[in-house]
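Me: I have a model on screen and want the terms behind its labels. Please go through a few of them with me.

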Amino acid sequence: MANEAVLALIRSELRAAADPVRGAAAQAYMKSATPSLGVRVPDVRRTAKAVAAAHPFETADDLRSTVLALWRDARYREERYAAIDLTGLRSVAGDPLMLPVYEEIIRTGSSWDYVDGVTHRIGALLKAHREELTRVLLQWSVDGDFWIRRASITAQLGAKGQTDTGLLTAVIEANMADREFFIRKAIGWALREYAKTDPEWVLEFVARNGPSLSPLSRREALKNQQVR
């Protein structure tokens, strides 16, 4: 069950730290109907971590329930950021039961800041449960929700030498024809990040798929690269 002490304290401390001027600017920047309190992201993260430390979760299920309660009942954007921050606690690191939580955040959040907030959590699950998560990400890569497809593309950001290039190729190729900005940007981002580990692989991928890649994806992929 949800940890009510954590919920109450996170909500009250975020409201106490509110900056209405920054909040109005943040809401306008995000073009969102959800109000913002104007609390800086690092401060949200510190608040979530401190409150969770002061009121530990008894079980992983309690943590999941608390995350979903904070997410679903959020009145302000920062409450949703705090919910995402709670998913980073060690007790659920690599826990496959968190996948439905991440999927709900992606599908109902439908915004780059929320989606990208859980991407590295999904990447951690992929490392811990390679076979199962590979199947999931391949399914996600053809999902009707482009935010889910974006997550399939960016899930291996930061994986470096542990990147599954076969999976990366599959999820990108499934989305190369998509005209959605956030998909094209994600493709370029994923390739640019992997180029830090294996620039030759990325150069060859771009050369092989040049006509199929959007100019945006190609430009992002080849940043900081010497094109042959």
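This is a predicted model: local features need pLDDT of at least 70, side-chain atom pairs count only at pLDDT 80 or more; totals for chains, interfaces and linings use all residues.

Reply: Residues are numbered from 1 along each chain as its sequence is written, and side-chain values use heavy atoms, with hydrogens and water left out.

Me: What makes residues 181–195 a helix, α11?

Reply: Helices are DSSP runs (H or I, at least four residues), numbered from the N terminus. α11 has 15 residues. Its C-alpha span, first to last, is 21 Å, close to the 21 Å expected. That expected span is 1.5 Å times one less than the number of residues.

Me: Why are α10 and α11 called roughly antiparallel?

Reply: They pack at an angle of about 160 degrees, with axes 11 Å apart. Angles run from 0 to 180 degrees between N-to-C directions, along lines fitted to C-alpha atoms over the stretch in contact. Over 145 counts as roughly antiparallel, so α10 is roughly antiparallel to α11.

Me: Which residues of α10 and α11 meet?

Reply: T165, L168 and I172 in α10 meet I187, A190, L191 and Y194 in α11. Contact means heavy atoms within 4.5 Å.

Me: Why is T169 called buried?

Reply: Buried means under 20% relative accessible area (1.4 Å probe, protein chains only). T169 has 16%, so T169 is buried. T169 is found in α10 and touches W201 and F205, not counting residues up to four places away in sequence.

Conventions:
Helices (H or I, at least four residues) and strands (E, at least two) are DSSP runs, numbered from the N terminus. Angles under 35 degrees count as roughly parallel, over 145 as roughly antiparallel, 65 to 115 as roughly perpendicular and the rest as oblique. Buried means under 20% relative accessible area, exposed over 50%, partly exposed in between (1.4 Å probe, protein chains only).
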